[in-house]
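Trainee: I have a two-chain model open and would like to learn how to read it. Where do we begin?
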Amino acid sequence: MSMTRPIVGSPLRRVDAAEKVTGAARYTGDLVVPGMLYGRVLRSPHAHARIARIDAAAAERLPGVRAVLTGRDLEGLDAYYGHAIKDRPIIALDRVRFAGEPVAAVAADDEATAEEALLAIVVEYEALPAATTLDAALAGDAPRLHEGPLRPGLFHGLGELRREEGNICYHYRFARGDPDRAFADAGVVVDGEYTFPAVYQYAMEPHTVIAQWGSDGLTVWACCQHPYLVRAELADLFRLPLSSVRIIVPYIGGGFGSKSYTKMEPVTAALARKAGRPVRIANRIVEAMVTTRRHNMKCWMRTCSTRDGVVVARQCRIWLDTGAYADNGPRVAATAGDAAPGPYRWRAVDVDAWAVYTNTPPAGSYRAFGAAHLSWIGESQIDALARKTGLDPVEFRRRNLLRPGEEVRPGGKPLDADLVGDVTKVAAAIGWGTPKAPLVGRGVSVGLLAAGANPVSTAAMRLQADGTAVLLVSTTELGQGSRTVFTQIAAEELALPPDRIRVMGPDTHFTPYDRSTGASRSTTLAGKAVQHAAVDLREQLLDIAGGIWGLPRAALSVRDGAVWHETEALSYPDLIRRHFGMVGGELIGHGEVRPQRGTGSYAEGPVFWEVCVGGAEVQVDPSTGRVHVRRLASVADVGKAINPQLVEAQDEGATLQGLGNALFEEMLFENGHLVNASLLEYHVPTTSDMPDEFHSIIVENADGPGPYGAKGVGEGALAAVPAAIVNALADLGVEMRELPLTPERVWRRLQDAGIRTGEIRSPEIDRR
Amino acid sequence: MEAGAPSPGRVRIALTVNGRPVEVWIEPRELLLDVLRDRLGLTGAKRSCDVQVCGACTVLLDGQAVSACCTLAYEARGRRVLTIEGLAPDGRLHPLQEAFIEHAAVQCGFCTPGMILTAATLLDQVPAPTFEQVKAHLQGTLCRCTGYWKIIEAVVAAGRRMASVEAPR
């Protein structure tokens, strides 16, 4: 079955690289559909207001303007969408709930005309009291953003939706054991309040959508991560059968969660419907920033252990600011709740997580959500317990971490990773136990991320008469390299050279269902579907050859694009010709993954636990509070690295995003208005922010549910890095409870800790 | 090649794009990025930040890296513009392009054209630059996917390869 040199496990060059280095790769914004108009969106200047009147007549009269869309055009539709909670109108109907909400949209012959037309639209607002912060939204007399019971979306996946009070969008809770008693009896307790900022994903390509209506329904080209979920929501909104909505996804210029679920597709489709022509809407960065973001959060947590360093219990309350609409807030709250305990052997745990509506731009998915929010908090309390009990933090973790096979959450998938091995490796990589220069601190962190989302993926593979193959799979290529990894899996199973396999991008009319591209799921789940499709093809080929030779499958094998029996071979083109009895024809392999299939590991949830294990060595400048990151290490515990170079690439990217999240990235809102609304004011990591050293440690224990024992990667480091940096500062006696770790915040804590220029206070314990 | 129709308020500019003479009717306010992408169909330069921070729209104007999102097309009259499409005119990849492929310095690819052209200006001035030199030179070109490691390694490798070809020992 395998070729002389295995393709799985080798650093095959990216199959999309040549197109991308020559500028030939096409993204949604590079496409021109015949007759296409250019759309621009008028956005609310108010955080909360009633729309008293919209007068678009002057805009409609401008030369070159073809259509102006307002809420009035949606009469007759149930204009609300939202995969989790149907709370968001396609465009504001009678009320705006955040500054930046689409109020009207113009389609014109070119962008400049559309932009001018926006200025000619008259909107009269009546400002309403706004709740623009978590505290304001949670206050007893807070203005309410949404009245009436919340309606579940098509993909809420949240069990029974309860009716929540006030501005609560969703409440996730779990508890086991008796935490009150555990804390009452505890030897050592740490307790703290923490805050985490809103963060902008900054996918370099802003949201871009082209929508076209025709006699065959609605066709949409979009840089969306989950085309099948977008298709379902558009079909629902416009009352179309699924087969009349077609979503095509070209290359995506980065996602990181910002293009998950439905974003600009409904408003673009509604505008194209009104204009009667294809329309493109391309967000500018300032618009992308108010389209989705990471949840800011406040959190209270306490953790206790025995005096000799055995963890006992943890309690945690989490409030996540989901902005004006739910987007993925409920799932973020659930994932944050799941991440709160951390992978330790608790006797009692008690976690509440609330997603809360506020009059700010909606918050949704961003790489490692939930775990990035909670890991640094839980892990800083673990370090604090280690210090209080006189134990080395790595040793403290070794004693308390879950072992493979142990229960992580009741009824869920048991731990499928060697965390003790992982943390030992990162500690070694950052020089744990070796002497440190002045003002240098080291920290490690361990966490888990419930990964894989929903385990439904399908794939098809078409073997052509000349022995080349086309792989049909709806995973979106947003930089992670899925097309390359799928090529490797299919090539391995079919014994074909990789250059004979072409992977098509998603087109919901032709490429089969894949639930989504996110949650580190594609290699594990869509990759498994690809493997099944290739195996299906292989078995068809073996059966055809077996029929010709009168031999059972077991007597045959595949190698170098042919079926072999001892020294006799029939090439794939020969087999296809013999099967159809003439030149032509093709064989089609089918593969699917669903919860019921396989070992049962999919049904338990999550699909796998993605590890978040990191190490950091930092140096602080006591006169400025600036944190210099000397060394970072991350473990990519992937089960099997199908392409080690791409695994490393995922880890390197996630690490620098984690560094940005930890040290400086923060969206600043004033009365609901984004203050730092461009990349001039919102700093994204550049080469000057790189750590001096980075070690990506690939661990392959073949303990994942994907092909060859693989499991996903690419998010863990983003959660692990902030936690490790926070612990490295704590190692210097500087305890941080607020991210990002700006120089001012660190400097103030340095003052509190009595660390001034040239002085170093010894931490309570320093055995390293 | 001629693009765009004459109309009142428009001006005609002549420039060289990827070695070919081009005449195009533009409105004076038009940005070089829009003219390249929308009128000349050269979509390799990407629009991202709009404020000359990210470098995704980088093209070379008389060999110098500029942000096409903040450069008026009018400023390019009579000058040479090189876009990513012009870096491998005969289909033979530039050593930087080869190195980006080999080192997996490409992920989503949105920054890649600007990143390669920016790196090309460094290799023009500094043959075989060090890791630190590359890192400093690429400070104004954002990539959100890679963490920069593989990009810098690719540029260093391309520089070494070009220097060894140009100055064989």
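Mentor: Begin with a strand pair. Keep in mind that this is a predicted model. In chain A, strand S19 (residues 457-463) pairs with S20(A) in the antiparallel sense, over five bridges.

Trainee: Which residue of S20(A) is the bridge partner of A:Met461?

Mentor: A:Leu471 is that partner. Now follow the chain from one strand to the other. S19(A) and S20(A) form a hairpin, and five residues lie between them. Look at A:Gly467 in the turn: its phi is positive, about 85°.

Trainee: How should I think about side chains along a strand?

Mentor: The general idea is that in a regular strand they alternate between the two faces of the sheet.

Trainee: Is S20(A) buried or exposed?

Mentor: Count neighbours: a residue is buried if 20 or more other C-beta atoms lie within 10 Å of its own. Strand S20 (residues 469-473) of chain A has four of its five residues buried, so the rest of the structure largely encloses it.

Trainee: In what sense does S20(A) pair with S21(A), parallel or antiparallel?

Mentor: Parallel. Strand S21 (residues 501-504) of chain A joins S20(A) over four bridges. One pair to find on screen is A:Ala469 with its bridge partner A:Ile501 in S21(A).

Trainee: Which helix belongs to the β-α-β unit with S20(A) and S21(A)?

Mentor: Helix H13 (residues 482-494) of chain A. The unit S20(A), H13(A), S21(A) is right-handed.

Trainee: Now the two chains together. How do I describe an interface?

Mentor: Its size is often given as the accessible area lost when the parts come together. Here we count contacts instead. In this model 41 residues of chain A are in contact with 40 residues of chain B. On the chain A side, helix H1 (17-22) and helix H17 (644-663) each supply at least two residues. H17(A) gives the largest share, seven residues. By class, that side of chain A has 20 nonpolar, 13 polar and eight charged residues.

Trainee: How many helices and strands does chain B have?

Mentor: Five helices and six strands. Along the sequence the pattern reads β-β-β-α-β-β-β-α-α-α-α. Then check the overall form. Chain B has a radius of gyration of 17 Å, close to the 15 Å that the globule rule gives for 169 residues, so chain B is as compact as a globular protein of that length.

Trainee: And what box do its C-alpha atoms fill?

Mentor: Roughly 55 × 35 × 25 Å along the principal axes. Of the 169 residues of chain B, 53% count as buried. Finally, take contacts in chain B between residues at least 6 apart in sequence: 58% of them join residues at least 24 apart.

Key. Residues numbered from 1 in each chain as written. Chains lettered and ligands numbered in written order. Predicted model: local features only at pLDDT ≥ 70, side-chain atom pairs only at ≥ 80, totals over all residues. Contact = placed C-beta atoms within 7 Å. Nonpolar A, V, L, I, M, F, W, Y, C, P; charged D, E, K, R; others polar. Buried ≥ 20, exposed ≤ 12 C-beta atoms within 10 Å, placed from the backbone. Pairing = 2+ DSSP bridges. Right-handed = clockwise from strand over helix to strand, strands pointing away. Rg over C-alpha atoms; globule rule 2.2 N^0.38 Å.
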